[in-house]
Amino acid sequence: SLFFCDFTEKQAITVKMPGLILQDQDCPWFWDNLTCWQPAKVGDVIEVNCPELFSQFISEEDYGQSLEATRHRSLLVSRNCTAFGWSETFPHYVDACLYEEGNSSHPDMYYVSVKALYTVGYSTSLVSLTTAMVILCRFRKLHCTRNFIHMNLFVSFILRAISVFIKDGVLYAEEDSDHCFIHTLECRAVMIFFHYCVLSNYFWLFIEGLYLFTLLVETFFPEKRYFYWYIIIGWGTPTVCVTIWAVLRMQFDDIGCWDMNDNAAIWWVIKGPVLASIMVNFVLFVGIIVILVQKLQSPDIGGNESSIYLRLARSTLLLIPLFGIHYTVFAFSPENVSKRERLVFELGLGSFQGFVVAVLYCFLNGEVQSEIKRKWRSWTVNRYFAVDLKHRHPSLASSGVNGGTQLSILSKSSSQIRMSSLQAETPS
């Protein structure tokens, strides 16, 4: 979102050049891939603040010296509106906005790399989650409350990946597109859908933690009744939050594509529930670890001390992706601190979370593996008998009787033979 501009009067200063005759020809809106320049008349000089993007490439030590740095360099870049159009920026972005003289890194390359990383991550997660959903929906023996919650979590991950791809397709369709004019209804609808999917994903992570904690604490509880409440919390609460956010944006901050969040009060309608779910999930995670320690140290569970800690470590590692504990690393830190690390951690590595959850709670699940093996053996046996009977009894094969029907016929015949033999042996 750093590549977009929400142009306000505070972000630009128009300076009239005295002694110049203004003409009717004006300079239109202009996007130079870093900053949005407002319309101006010939002779005007437009000054804007350095794009926030460049703050990612200033070290914390240099950031602390920013007041001293303002005496030696400009924090503004300017363009002059001439009769031939916009002039070049003066001073150049690098000279005005980068404190370190020897810094030769290119800001765009960093974001391109992050975008490539999370594109691969969300694509991998999307394929693995879709496969996991097909498996869980296909086998009826896997239909239970626990797996239904897993399936809803998988759907939230799938929607989150799809929303990211849609957002990138709409907002970043062309690298040099004119972002000054991206304020259509389609663009805002995409942002609403994106925030809804992200919120739903966080809430279903919270529900996973709440369900597991309830299983460990309560001996008997009505799972089906609770499941309906889980549905309301997981899909209903994000709907309410996003609706309130959209109404507030429309009334008080209806600028651009709604991709920037300059109004902190309105942004907390989205950010608040996310932080609350992360915080509660972390508390539940700690509570579950404490319960697991108590259960593993029980005399009913055998094993030495090393095996107990090994089980605990394994359980903890399995719960981290399911609860989204990694989000607590930057959850409560200011947004302007370690932005580059936050992007890599939350966007880059976080995009693979769906893949990890699908692997741990579907592909490596013992129940899922045993059910797949059972279905595979059943299909192999049916196929074997179908081929075998086709060679031995061509008339049966030509009559259209399949292997499963043949097996049932054989089983019925054998049962009838056993019954007749029993009747013969039974005295009248």
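The legends below describe close-up views of disulfides and salt bridges in a predicted model.

Residues are numbered from 1 along each chain as its sequence is written, and side-chain values use heavy atoms, with hydrogens and water left out. Because the model is predicted, local features need pLDDT of at least 70 and side-chain atom pairs count only at pLDDT 80 or more, whereas totals for chains, interfaces and linings use all residues.

**View A. The disulfide between Cys 27 and Cys 81.** A search of the whole structure finds 2 disulfides, a disulfide being a pair of cysteine sulfur atoms within 2.5 Å. In the pair shown here, Cys 27 and Cys 81 have an S to S distance of 2.1 Å. Cys 27 lies in strand β2 (residues 26–27) and Cys 81 in strand β7 (residues 76–82), so the bond links distant parts of the chain, 54 residues apart. Helices (H or I, at least four residues) and strands (E, at least two) are DSSP runs, numbered from the N terminus. The torsion about the S-S bond of Cys 27 and Cys 81 is about 100°, which makes this disulfide right-handed. Cys 27 is buried at 3% relative accessibility, and Cys 81 is buried at 1%. Buried means under 20% relative accessible area, exposed over 50%, and partly exposed in between (1.4 Å probe, protein chains only).

**View B. The disulfide between Cys 187 and Cys 257.** The S to S distance of Cys 187 and Cys 257 is 1.5 Å. Cys 187 belongs to helix α6 (residues 185–217), while Cys 257 sits in the loop between α7 (223–252) and α8 (264–296), so the pair ties together parts that are 70 residues apart in sequence. With a torsion of about -100° about the S-S bond, the disulfide of Cys 187 and Cys 257 is left-handed. Cys 187 counts as buried at 1% relative accessibility, and Cys 257 is buried with a relative accessible area of 1%.

**View C. Cys 197 and Cys 241, two buried cysteines.** Cys 197 has a relative accessibility of 1%, so this residue counts as buried. For Cys 241 the relative accessible area is 12%, which also falls in the buried class.

**View D. The salt bridge between Asp 168 and Lys 167.** The whole structure holds 6 salt bridges by the search, a salt bridge being a side-chain nitrogen of Lys or Arg within 4 Å of a carboxyl oxygen of Asp or Glu. In the one shown here, the closest N and O atoms of Asp 168 and Lys 167 are 3.7 Å apart. Asp 168 and Lys 167 are both buried.

**View E. The salt bridge between Glu 346 and Arg 342.** The side chains of Glu 346 and Arg 342 meet at 3.9 Å, N to O. Glu 346 and Arg 342 are 4 residues apart in helix α11 (residues 339–349), so about one helical turn separates them. Glu 346 is partly exposed, with a relative accessible area of 22%, whereas Arg 342 is buried at 15%.

**View F. The salt bridge between Glu 371 and Arg 374.** The closest N and O atoms of Glu 371 and Arg 374 are 2.8 Å apart. Helix α13 (residues 366–392) holds both Glu 371 and Arg 374, which are 3 residues apart, about one turn of the helix. Glu 371 counts as buried at 6% relative accessibility, and Arg 374 counts as partly exposed at 32%.
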